[in-house]
Amino acid sequence: MTPQVVVRVIEERHSVVAESGAGERAGFSDDAYRQVGAEVVADPYPGAELVVVVGPPSVEQAMSFPEGCALVGFLDPFTATDLVSVLTGRRITSFAMESIPRTTLAQTMDALSSQATAAGYHAVLLAAAATPRFFPMLTTAAGTIPPVKLLVLGAGVAGLQAIATARRLGAAVSAYDIRPEVREQIESLGARFVAAPVDESAAAATGYAKEVSDETQRRQQDALVSVVEDSDVVVTTAQIPGSPAPLLVSREMVERMRPGSVIVDVAAPSGGNCELTRPGETIEHNGVTILGPTDLPSRVAHDASQMYSRNVAAFVSRITGENGEQVFDFANQIVSEACITHDGKVTHPVVRRAMGLEVET
Ligand code: NAD
């Protein structure tokens with residue numbers, strides 16, 4: 001939580017204890033927390049009734065949380081099953097920010113969107129720094145330089161932000177998404193929609209894309225070959241929640257790109273959209289630079305933290321009563337869907353399935 005948000009939380013009758021140095025790398029000093037009324041200590045867990053984190057705590061950390069407290073943050077509950085076991089063992093009521101439904105009512109708490117916004121924005125800046133070209137068209141005494149040709153694959157929250165950022169920098173942008181309804185959003189940002197297979201049924205009821213068949217994937221790649229080949233920069237952002245990222249850019253497609261071209265694979269944390277992406281690394285293949293950053297929001301830490309902490313504070317309000325006490329209203333869809341563990345049990349059906357536990361139907 002940033003100091004600005006701590007003010008609001010204290011107004012809601014909570015007292016706040018911050019871990020010393022927690023905000024330092026995002027530009028929030030211990031003093032800034034003290035100035036707004038938080039206590040700053042080396043070990044903030046003893047006595048905590050609610051622990052707020054950014055990413056999943058380690059098993060050791062979770063062991064030091066007070067029994068029966070509540071926990072809110074990105075918890076990666078579908079893979080961090082060891083952590084989930086510790087949480088049930090300590091009767092911790094945990095809420096995962098990534099499990100909050102993407103509904104209009106929960107928009108202020110949608111940390112997936114706020115962090116994807118940061119990721120899409122910064123991905124384009126990385127591309128701008130890595131390409132040997134100017135982004136905008138430049139008309140100078142030394143001649144006219146055409147704008148960089150930038151392709152965005154996957155136009156969800158991160159992709160749309162990447163388009164907007166690239167347009168502001170003057171790039172000529174085209175974009176593609178499997179969900180046909182995104183075409184209008186792409187065009188309204190001044191980008192060209194790439195004609196490649198779209199799938200009316202690709203959007204699940206949740207609004208997310210579903211996994212496509214091998215045949216559709218092959219048709220997608222065939223349709224994208226020439227546009228990838230003709231691009232100076234490709235920013236890939238296509239993801240499917242709970243599954244590996246779809247493969248959109250094959251090794252052969254990379255080998256047809258011009259030397260000096262750049263790929264930034266925003267989907268690297270879930271395996272990447274490019275066959276050659278190595279998550280967390282930057283590699284070069286036949287003169288093409290391929291970046292696989294896995295920490296994009298952290299690279300815009302100040303503003304990503306401001307957004308994240310507003311999301312978290314909105315959720316904390318939802319589980320707070322008039323006198324600052326915790327109230328878990330499980331009849332509320334946002335609270336029930338975000339809940340992973342409560343009262344010594346795993347409550348989330350998808351996490352139960354991942355852990356091989358019985359799921360009530
Ligand atoms: P995401 O990160 O899961 O995926 C990014 C994009 O990749 C999506 O647009 C998806 O369609 C696309 N994609 C997946 N497989 C693909 C493939 N094989 N080829 C091409 N593209 C592919 O998505 P996200 O950014 O988290 O957004 C998911 C959905 O949730 C969107 O429809 C978005 O509008 C919606 N949403 C709704 C709200 C709200 O109503 N409050 C808030 C945020 C997002």
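**Ligand site, sheet and cysteines**

Mentor: Of the 24 residues around the ligand, the nearest are Ser-113, Val-157, Asp-177, Arg-179 and Gln-220. Keep in mind that this is a predicted model.

Trainee: What is the shell made of, by class?
Mentor: Eleven residues are nonpolar, nine are polar and four are charged.

Trainee: How far is the polar side-chain atom of Asp-177 from an oxygen atom of the ligand?

Mentor: That distance is 2.6 Å for Asp-177. Arg-179 also places a polar side-chain atom by a ligand oxygen, at 2.7 Å. Gly-156 uses its backbone instead: an N or O atom there lies 3.1 Å from an oxygen of the ligand.

Trainee: And how much of the ligand does the protein bury?
Mentor: The protein buries 84% of the 850 Å² that the ligand exposes when taken alone.

Trainee: Switching to the sheet. What is the strand order?
Mentor: The order is β10-β9-β8-β11-β12-β14-β13. That makes an open sheet of seven strands, and the pairing is mixed.

Trainee: Which strands stand at the edges?
Mentor: β10, residues 192–193, and β13, residues 282–285. Each has a single partner strand, so one side of each has no neighbour in the sheet.

Trainee: How does β9 run against β10, parallel or antiparallel?
Mentor: Parallel, with two bridges joining β10 to β9, which covers residues 172–176. Within that pair, Ala-175 of β9 stands opposite Phe-193 of β10.

Trainee: Where does Gln-239 sit?
Mentor: Gln-239 is in the loop that links β11 (233–236) and α9 (251–255).

Trainee: How exposed is Gln-239?
Mentor: Partly exposed, as its relative accessible area is 40%. That value falls between the 20% and 50% cut-offs.

Trainee: How far is Gln-239 from Ala-268, in sequence and in space?
Mentor: They are 29 residues apart in sequence, and their C-alpha atoms are 9.6 Å apart.

Trainee: Last topic, cysteines. How many disulfides are there?
Mentor: The count is zero.

Trainee: Is Cys-69 buried or exposed?
Mentor: Buried, because its relative accessibility is 2% and the cut-off is under 20%. Cys-274 counts as buried too, at 2%.

Notes:
Residues numbered from 1 in each chain as written. Predicted model: local features only at pLDDT ≥ 70, side-chain atom pairs only at ≥ 80, totals over all residues. Heavy atoms only, no water. Disulfide = S-S within 2.5 Å. Buried < 20%, exposed > 50% of the residue type's maximum accessible area, 1.4 Å probe, protein only. Near = heavy atom within 4 Å. Polar contact = N/O pair within 3.5 Å; in protein donor to acceptor, adjacent residues only side chain to side chain. Areas by Shrake-Rupley, 256 points an atom, 1.4 Å probe, with all protein chains shown as cover. Nonpolar A, V, L, I, M, F, W, Y, C, P; charged D, E, K, R; others polar. Pairing = 2+ DSSP bridges. Helix = DSSP H or I, 4+ residues; strand = E, 2+ residues; numbered from the N terminus.
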